[in-house]
Amino acid sequence: MQYPEWIWHNGSIKRWADATTHVMSHALHYGSSVFEGIRTYDTPNGPIIFRLNDHNQRLFASAKIYDMAIPYSLAQINAACHEVIKANGNTTDYLRPVAYRGLGGFGLSADTPTDVAVATWKMGQYLGPSVLEEGIDACVSSWQRFAPNTIPAGAKAGGNYLSGQLVAREARRLGFGEGIALASTGLLSEGAGENLFLVFNGALHTTPVSAALLNGLTRNTIITLARDVGIEVVERDLPREYLYLCDELFMCGTAAEITPIRSVDGRQVGAGRRGPVTERIQELFFGLFNGKTQDKHGWLEAVK
């Protein structure tokens, strides 16, 4: 991987190689970090950051759940995102703000300092070239999501993604593009790092936040855009077999954007290719960046 030259770390821009942390930092041993993934896009009006404030508000919410004090304000983290983009001369990249418990003790409840960094790098299509049109083959993982009141799925925390790693690595080992996880109830949860949408008779059906999933901002964007144009959206519990019976299926996230799923567990989904509702949702979503979809909700922030 080609790393960028500059990173924002603990209040200032520094060279990528100089943004170091100690090997005995709390986060390295206990997974005590919270983070965000944010996309930047080129538009007819110049480069923008997509839903910057919403993402970083969630960063602070995740930190609150884990009783982690971030030593910077929301405005300072937002400004750091702009600063690191400018330092690297980037316009169509991926941003990663992360706050983590650093060096300062060895117990689970140790009062360590909180370190903060914001990085940016070239992402491209997360699940591979051409997947936005051609789709991927997915499988239901043998690994389930955590049960309620064990780990808070509503926090975007580093430790939570150990679950996603198991799901994703199993899928790759078996030759699939991505894995899908069930909740502890046996009902659908989400992908390794993406939310799910199933299409039945032109309506979008998605699993609720109670299904051990992260309430993704891309998920929220899709629900909002769909309802804006009169597409019905239903949030409900969904059994595994509905993956095989739906007309269309796609997963979404900041990295994955909107990726069609053409088969699950070797069973063809719908026509085995991107369907018309999925394509319409992609048009609405990417239309925010090419000017075809009005930014009625104030999601686009110009890079400063």
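# A guided tour of the predicted model

Begin by selecting Asn149, which sits in the loop between β8 (136-140) and α5; the names of helices (H or I, at least four residues) and strands (E, at least two) refer to DSSP runs numbered from the N terminus. This is a predicted model, in which local features need pLDDT of at least 70 and side-chain atom pairs count only at pLDDT 80 or more, while totals for chains, interfaces and linings use all residues. Residues are numbered from 1 along each chain as its sequence is written, and side-chain values use heavy atoms, with hydrogens and water left out.

Most residues other than glycine have a negative phi. Asn149 counts as exposed because its relative accessibility is 83%, where buried means under 20% relative accessible area, exposed over 50% and partly exposed in between, with a 1.4 Å probe and protein chains only.

Now select Asp67, in the loop between α2 and α3 (74-88). Phi of Asp67 is near 55°, which is again a positive value in a residue other than glycine, and Asp67 counts as exposed because its relative accessibility is 67%.

**Strand β2**

Then select Ile13, found in strand β2 (residues 12-15). Is Ile13 buried, partly exposed or exposed? It counts as partly exposed, since its relative accessibility is 26%. Show the residues around Ile13 and, leaving aside neighbours within four places in sequence, you will find it in contact (heavy atoms within 4.5 Å) with Trp6, Ile7, Trp8, Glu83, Val84 and Ala87. For a sense of distance, draw a line from Ile13 to Gln282, 269 residues apart along the chain, whose C-alpha atoms are separated by 35 Å.

**The largest pocket**

Turn now to the empty space in the model. Rolling a probe the size of a water molecule over the atoms shows where empty space is left. On a 1 Å grid over the protein atoms alone, a cavity is a set of points where a 1.4 Å probe fits but cannot get out, whereas a pocket is an open set with protein on both sides within 12 Å along at least five of seven lines, and lining residues have an atom within 4 Å of a point. Grid points are joined across faces, edges and corners, and a volume is the space filled by probe spheres set on the points.

The largest pocket holds about 710 Å³ of space. To find its centre, select Phe35, Tyr94, Lys156, Tyr161 and Gly193, which are the closest to it of the 38 residues that line this pocket. Colour α2 (52-65), β6 (94-101), α5 (161-173), α6 (217-228) and β14 (248-253), the elements that give two or more residues to the lining; α5 gives the most, with 4 residues. By class, the lining has 18 nonpolar, 12 polar and 8 charged residues, where Ala, Val, Leu, Ile, Met, Phe, Trp, Tyr, Cys and Pro count as nonpolar, Asp, Glu, Lys and Arg as charged, and the others, Gly among them, as polar.

**The second largest pocket**

About 560 Å³ of space lies in the second largest pocket. Of the 22 residues that line it, Thr21, Arg96, Val98, Tyr100 and Ala117 are the closest to its centre. Which element supplies the largest share of this lining? That share, 4 residues, comes from β7. The lining of the second largest pocket divides into 14 nonpolar, 7 polar and 1 charged.

**Helices α6 and α8**

Select α6 together with α8, whose axes (lines fitted to C-alpha atoms, for helices over the stretch in contact, with angles from 0 to 180 degrees between N-to-C directions) come within 10 Å and cross at roughly 110°. The two helices are therefore roughly perpendicular to each other, a label for angles of 65 to 115 degrees, while those under 35 count as roughly parallel, over 145 as roughly antiparallel and the rest as oblique. Show side chains, and you will see Thr218, Thr221, Ile222, Leu225 and Ala226 in α6 meeting Ile281, Leu284, Phe285 and Leu288 in α8.

**Last stop**

End at Pro260 in strand β15 (residues 257-264), which is buried, with a relative accessible area of 2%.
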